[in-house]
Amino acid sequence: MKELLERIGEIGIVPVVVLNDVKDAEPLAQALCDGGLPCAEVTFRTDAAEESIRRMTESFPDMLVGAGTVLTIDQVDRAVAAGAKFIVSPGLNPKIVKYCNEKGVLIIPGCANPSDVEQAIENGLSVVKFFPAEQAGGLNYIKAIAAPYTGLKFMPTGGINPKNVRSYLAYDKILACGGSWMVKGDLVQAGEFDKVRELVKEAVEIVKESRGK
């Protein structure tokens with residue numbers, strides 16, 4: 001788990017992907033890898049999610065593919081069986097967190113207040129998703145609640161875009177940011193994977209600039 005978290009931290013931006021058709025999974029994965037972000041959080045909001053994860057992980061075994069919007073233990077099992085290397089949820093469900101811990105599966109649950117954060121710490125987690133980031137108070141809120149929890153890092157998701165991501169990434173308590181602006185549904189559905197690749201390249205440059213690399 002530590003190694004996975006380190007990889008996510010190095011990547012800096014986790015593309016949050018919604019796929020409606022499995023045929024888009026491999027060309028999208030190719031565009032992400034070619035652009036320099038070999039990572040994807042494929043949300044379990046669609047029927048295509050499970051098979052999309054399978055195709056991505058089989059065709060790009062070095063890619064860090066996770067499952068997002070995971071709400072049930074059954075979804076955890078299906079995502080992991082398909083090849084997902086990590087699980088992300090919009091909120092903190094203690095039952096799912098405990099199950100993932102028992103199975104040795106990295107889970108990054110959503111937290112939006114100190115009570116959520118303390119549940120995460122109680123379950124031995126060192127990284128939580130902050131969701132919905134901008135709507136819940138943004139970077140200033142993260143800084144305010146991060147102060148008492150010195151060993152914890154955050155992965156803000158929700159409302160993150162090229163205009164505000166730099167300030168998030170510059171804060172040392174941010175492991176990475178989740179974002180969808182480079183993998184928008186209309187681009188994917190239109191098959192504009194060259195455009196996706198270019199947006200991904202721009203995102204990679206933002207990470208480098210924000211972290212002085």
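**Exercise 1.** In this predicted model, work out in which hand α2 passes α10, and describe how the two helices pack.

*Solution.* Begin with the crossing itself, in which α2 passes α10 in a right-handed manner. Next, recall that two packed helices are described by the angle between their axes and the distance between the axes. For helix α2 (residues 25-35) and helix α10 (residues 193-210), the angle is about 35° and the axes lie 8 Å apart. Then turn to the residues that make the contact: α2 contributes Pro-27, Leu-28, Ala-31, Leu-32, Asp-34 and Gly-35, while α10 contributes Phe-193, Val-196, Arg-197, Val-200, Lys-201 and Val-204. Sorted by class, this contact holds 8 nonpolar, 1 polar and 3 charged residues.

**Exercise 2.** Determine how α3 is oriented relative to α4, and name the residues through which they touch.

*Solution.* First take the geometry: the axes of helix α3 (residues 49-59) and helix α4 (residues 73-82) come within 8 Å and cross at roughly 25°. Because angles under 35 degrees count as roughly parallel, α3 is roughly parallel to α4. The crossing in which α3 passes α4 is right-handed. On the side of α3 the contact is made by Glu-50, Ile-53, Arg-54 and Thr-57, and on the side of α4 by Arg-78, Ala-79, Ala-81 and Ala-82. By class, the contact of α3 with α4 comprises 4 nonpolar, 1 polar and 3 charged residues.

**Exercise 3.** Describe the volume and the lining of the largest pocket.

*Solution.* Finally, divide the lining by class, which gives 6 nonpolar, 7 polar and 3 charged residues.

Key:
Residues are numbered from 1 along each chain as its sequence is written. This is a predicted model: local features need pLDDT of at least 70, side-chain atom pairs count only at pLDDT 80 or more; totals for chains, interfaces and linings use all residues. Side-chain values use heavy atoms; hydrogens and water are left out. Axes are lines fitted to C-alpha atoms, for helices over the stretch in contact, and angles run from 0 to 180 degrees between N-to-C directions. Helices (H or I, at least four residues) and strands (E, at least two) are DSSP runs, numbered from the N terminus. Angles under 35 degrees count as roughly parallel, over 145 as roughly antiparallel, 65 to 115 as roughly perpendicular and the rest as oblique. A crossing is left-handed if the near helix is turned anticlockwise from the far one by less than a right angle, and right-handed if clockwise. Contact means heavy atoms within 4.5 Å. Ala, Val, Leu, Ile, Met, Phe, Trp, Tyr, Cys and Pro count as nonpolar, Asp, Glu, Lys and Arg as charged, and the others, Gly among them, as polar. On a 1 Å grid over the protein atoms alone, a cavity is a set of points where a 1.4 Å probe fits but cannot get out, and a pocket is an open set with protein on both sides within 12 Å along at least five of seven lines; lining residues have an atom within 4 Å of a point. Grid points are joined across faces, edges and corners, and a volume is the space filled by probe spheres set on the points.
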